Amino acid sequence: LEPERKSKSLLLNFHYAPGKTYSLPVHLDGHAQSMIDLKQVAMQGTPDVHGQMLPMTATSGALVITGASGDVRDTINLAISSGIYNPVTATCGYGCETCNGCTNFGVSPDPAYIGFGQNYQLNSYCVWEDGTEPDYTGSSDWGSNDTSIVTVQNSPQWGLAYGESPGDTSCSASFYAPANMGQICAPLPLPQCQNTSAQPSSSTSVCGSPSGETTAFYQWGDNDPRVNYDAAAAGYIQTLSPTSSAYGGGTVTESDASPSTDSCYFDGSAYPPTGGVMGSTWQVGSDSRWGPDYVGWVYAEFAYYQTVRPQRGLSLPCSGTLFQKLTFKCPQGGTYVYDTPVVLQSTISSSGITDTREGQTVARQLIGQ
Amino acid sequence: MNIRASSRLLFATCTIILTLVAHATEASWEGSLEYVGSTATFTTQATRCLPSTIYTLSRAFHLRTGYEDAPVEFAGDMIDVTAPGRKGLRILIPRGGPLSLRFEVDAVTHKPLSFASTLNEALTAYRSFGYPGSYRLTVKDAWFYIVPSSARSRAGTDTQVTPLFDAELRPEELRHLTLDDALEKALSVVGARTGNKIVLGRRLPNQWGTVYFSPNSAASATARDVIEQIMDASGSPISWLLLYDPTFHYYVFTPYLV
């Protein structure tokens, strides 16, 4: 999406199933661009303006962009570039865009007969590309060709005509459309989607989709300067399966899935509760392995809770649990999202630390200082 | 025999009651937001109510913020939460309590009409509740910084505070470092320069160890500016908190995704 000079609030309405719409508000600053990743929106469970969430089962549909109010009369200027990419089949196609706007503006009734000395309400409307007829009476500029015969109000009651004297004249309504009138959209009939059949794209050759991975404990963090010799963290190495040298040079990226939990935190702690994974990315080797992915508290936090919680009268052990959504990306760009989030857990006890990744648990004695 | 058995039973009953009370009084870290038309109401029950407010608003509205605690030195600005009967280390937390504020939002998108005004409302509300320290807001680039301006000294007198991250760093101090090492070095240098200990409270994204930091200028810059450059260079939408722990007398720097 790319709007004009001024900033603009928009409402993106995703019609993903009959009668089902997800309305996502987006604010764009002047000249700003924004890319919407629907998969991310669905995975993060972001509620829309009606508190609804986009289900992960949504796979196709249509997008209608309106102004933030959702009212079609709220004019917006956009430059849209759309395409269809199917991460399952790794195929591309063109999007089909239609600008829905006013094509036939008019006044009703036409003709109108107004009694001498009487009021009569005129209305203006516009037929849109999609066949709807929104009312424009209140947003039109009204006028009369001969005010000695008929006058028409603009305020407070737009379109209210009054018969001043006997005779014939014309009343008009006009409203400002930034693009143009009647030809705001592509000429009728609406353009048919072209080239939408899924076709392999030469730019998205894929390295294959792993069906999963295996996890194995690698080392404790006190052997690794990259994690500040963090003795409370356990590093794990993963192997994509089935193994393939074609994965080499690809990446695995984590994102946050279900809400994390932190039973070690207590009110007043200097360490806020763990807020989820931080979005790490790892390179995949030609042996299909990636990592190490370190699971566990930073040492200072481990030492803090192991020391403070008993003095505070709070129990040990306590745990932090995170849910890690993983996305594998081929060197050439094809992606594969793991079906199930990986569970990461770290437990502090009075005698040490226990870390778990995908059910692989390691423990060691450790007293924080 | 019978008397001893009764005593054990009574003791067990008391323990259960105390445990229940302790759980009931724990407040959630994050606050809550409610919207009615174009008005939003924010409420937090966290004792560290100001950072809780900044954290929650940052995450809700994807704001890039940096929050720095005022030092807590005056005994009246701390709460001793050590369990009754415990000897040795005293567990102290900064004095605080519930905080609420209202601010104007877009009725459709629920976004604040002005982020700066909203954050200033939070600072005003914090002051009005009489919690320790005073803070001010500064806005730089797309970042909103909440920094301390005064706090009570050990003797209880109001004293002007120089924020820790006003300390300046020289570009050569961060040369040839990856983003994670640059951040840790920045915290270490600020700590040494101000006589404080600053620990990193969260593990950094793995790829921070593969990207080298390049300062924007050959001139010295405040630690706050340097951290902003590091965060921006990471490409991740990250905000941060610097919280003071009066138990161990150190600061905890916690980055978090917004």
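Which element gives the most to the lining of the largest cavity? I started with that, keeping in mind that this is a predicted model.

**Entry 1: the cavity**

I counted cavities of 30 Å³ or more and got one. I put the space in the largest cavity at about 180 Å³. I then listed the lining, which has 20 residues, and found that B:Asp69, B:Pro94, B:Tyr126, B:Pro132 and B:Tyr135 are the closest to the cavity centre. Two elements give two or more residues to this lining, namely helix 2 (49–61) and strand 8 (143–152) of chain B. My opening entry is settled by helix 2 of chain B, which gives the most, with three residues. Sorting the lining by class, I noted twelve nonpolar, five charged and three polar residues.

I looked next at B:His62, which lies in the loop between helix 2 and strand 3 (64–68) of chain B. B:His62 has a positive phi, near 55 degrees, and is a residue other than glycine.

**Entry 2: chain A against chain B**

I turned to the contact between the two chains. On one side I have 42 residues of chain A, and on the other 47 residues of chain B. The size of an interface is often given as the accessible area lost when the parts come together, so I looked that up as well. For chain A and chain B the buried area is about 3,500 Å², and carbon and sulfur atoms give 53% of that area. I checked which three residues of chain A supply more than any other three: they are A:Asp267, A:Met278 and A:Gln311, with 23% of the area that chain A buries against chain B.

For polar pairing, I found 19 residue pairs in polar contact across the interface, both residues of each pair being at pLDDT 80 or more. On the chain A side, the elements that give two or more residues are strand 3 (20–28), strand 17 (230–241), strand 20 (281–283) and helix 2 (299–311). Helix 2 of chain A gives the most to that side, with seven residues. By class, I recorded 22 nonpolar, 15 polar and five charged residues on the side of chain A that touches chain B.

**Entry 3: salt bridges**

How many salt bridges are there between chain A and chain B? I count three. I looked up A:Arg226, which forms a salt bridge with B:Asp181, with the closest N and O atoms 3.6 Å apart.

Over all chains the structure holds 21 salt bridges.

**Entry 4: cis peptide bonds in chain A**

I stayed with strand 21 of chain A, residues 289–295, where A:Pro292 is also found. The peptide bond that joins A:Gly291 and A:Pro292 is cis, with omega about -5 degrees.

I looked up another cis peptide bond, the one from A:Ser108 to A:Pro109, and its omega is near -10 degrees. Where is A:Pro109 found? I placed A:Pro109 in the loop between strand 8 (102–108) and strand 9 (119–121) of chain A.

How values were computed: Residues are numbered from 1 along each chain as its sequence is written. Chains are lettered from A and ligands numbered from 1 in the order in which they are written. This is a predicted model: local features need pLDDT of at least 70, side-chain atom pairs count only at pLDDT 80 or more; totals for chains, interfaces and linings use all residues. Side-chain values use heavy atoms; hydrogens and water are left out. Contact means heavy atoms within 4.5 Å. Buried area is the accessible area (1.4 Å probe) that two parts lose on being put together, summed over both. A salt bridge is a side-chain nitrogen of Lys or Arg within 4 Å of a carboxyl oxygen of Asp or Glu. A polar contact is a pair of N or O atoms within 3.5 Å; within protein, one must be able to donate a hydrogen and the other to accept it, and residues adjacent in sequence count only if both atoms are side-chain atoms. Helices (H or I, at least four residues) and strands (E, at least two) are DSSP runs, numbered from the N terminus. Ala, Val, Leu, Ile, Met, Phe, Trp, Tyr, Cys and Pro count as nonpolar, Asp, Glu, Lys and Arg as charged, and the others, Gly among them, as polar. On a 1 Å grid over the protein atoms alone, a cavity is a set of points where a 1.4 Å probe fits but cannot get out, and a pocket is an open set with protein on both sides within 12 Å along at least five of seven lines; lining residues have an atom within 4 Å of a point. Grid points are joined across faces, edges and corners, and a volume is the space filled by probe spheres set on the points.
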